[in-house]
Amino acid sequence: AAMDQALATSGTVGLELAVAGVPHVIAYKMNPLTWAIVRGKLTVKYAHLANLLLDRGAVPEFIQDAARADALDSALSSLDRADQKQAFDEIRRLLAGETTQTPATQAATFVLKEK
């Protein structure tokens, strides 16, 4: 949370940055053969977990060939921090749910709930 901004790979770390309120962009590059196989099977619009939760591109994503140093530098330089921080507030509300219970209590309640 002490960072002004970050560059991260797609995955849990991106969601952690969003929850911490750190403006960021994500990048992900894989072996070209793996990408050729995976690309045809993708059914989601976004790679970033925060973008998936919001169903919009709040965090810029640079995947495969788009993950170039010049593009990442430009994106970091022009980040709309206020817009991202507002989106991250929404992420925290979505993850907290409609309860005042702690996450541990919510998990225990879910596990112990009778079906």
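**Fold, cores and salt bridges of a predicted chain**

Me: In what order do the elements of the protein chain run from the N terminus on?
Reply: This is a predicted model. The secondary structure of its protein chain comes to 6 helices and 3 strands. From the N terminus on, the order is β-α-β-α-α-β-α-α-α.

Me: What does the C-alpha trace of the protein chain span along its principal axes?
Reply: The protein chain has 115 residues, of which 30% count as buried. Along the principal axes, its C-alpha trace spans about 50 × 35 × 20 Å.

Me: What percentage of the contacts with a separation of 6 or more comes from residues 24 or more positions apart?
Reply: The count takes contacts in the protein chain with a separation of 6 or more. Residues 24 or more positions apart account for a share of 60%.

Me: Which element gives the largest share of the largest nonpolar core?
Reply: The largest nonpolar core has 10 residues, including Leu 15, Ile 26, Leu 54, Val 59 and Ile 91. Elements that give two or more residues to this core are helix H1 (12–20), H3 and H5. The largest share, 3 residues, comes from H5.

Me: How many residues does the second, separate core have?
Reply: Among the members of this second core are Phe 62, Ala 71, Ala 75 and Leu 76.

Me: With which residues is Phe 88 in contact, leaving aside its neighbours within four places in sequence?
Reply: With sequence neighbours within four places left aside, the contacts of Phe 88 are Ala 18, Gly 21, Val 22, Pro 23, His 24 and Val 59.

Me: Where does Asp 55, which forms a salt bridge with Lys 45, lie?
Reply: The closest N and O atoms of Lys 45 and Asp 55 are 3.4 Å apart. The pair links distant parts of the chain, 10 residues apart, with Lys 45 in the loop between helix H2 (32–39) and helix H3 (49–54). Asp 55 has a positive phi of about 60° although it is not a glycine. Its place is the loop between H3 and strand E3 (61–63).

Me: Is Lys 45 buried or exposed?
Reply: Lys 45 has a relative accessibility of 62%. Because the cut-off for exposed is over 50%, Lys 45 counts as exposed.

Me: In which helix do Arg 92 and Asp 89 both lie?
Reply: Arg 92 forms a salt bridge with Asp 89, the closest N and O atoms being 2.2 Å apart. Arg 92 is partly exposed at 30% relative accessible area, and Asp 89 is partly exposed at 35%. The two residues are 3 residues apart, about one turn of the helix, and both lie in H5.

Me: Is Gln 64 buried or exposed?
Reply: Gln 64 lies in the loop between E3 and helix H4 (69–77), and has a positive phi of about 55° although it is not a glycine. Its relative accessibility is 5%. Since buried means under 20%, Gln 64 counts as buried.

Notes:
Residues numbered from 1 in each chain as written. Predicted model: local features only at pLDDT ≥ 70, side-chain atom pairs only at ≥ 80, totals over all residues. Heavy atoms only, no water. Helix = DSSP H or I, 4+ residues; strand = E, 2+ residues; numbered from the N terminus. Buried < 20%, exposed > 50% of the residue type's maximum accessible area, 1.4 Å probe, protein only. Contact = heavy atoms within 4.5 Å. Salt bridge = Lys/Arg side-chain N within 4 Å of Asp/Glu carboxyl O. Core = buried A, V, L, I, M, F, W, Y, C linked by side-chain atoms within 4.5 Å.
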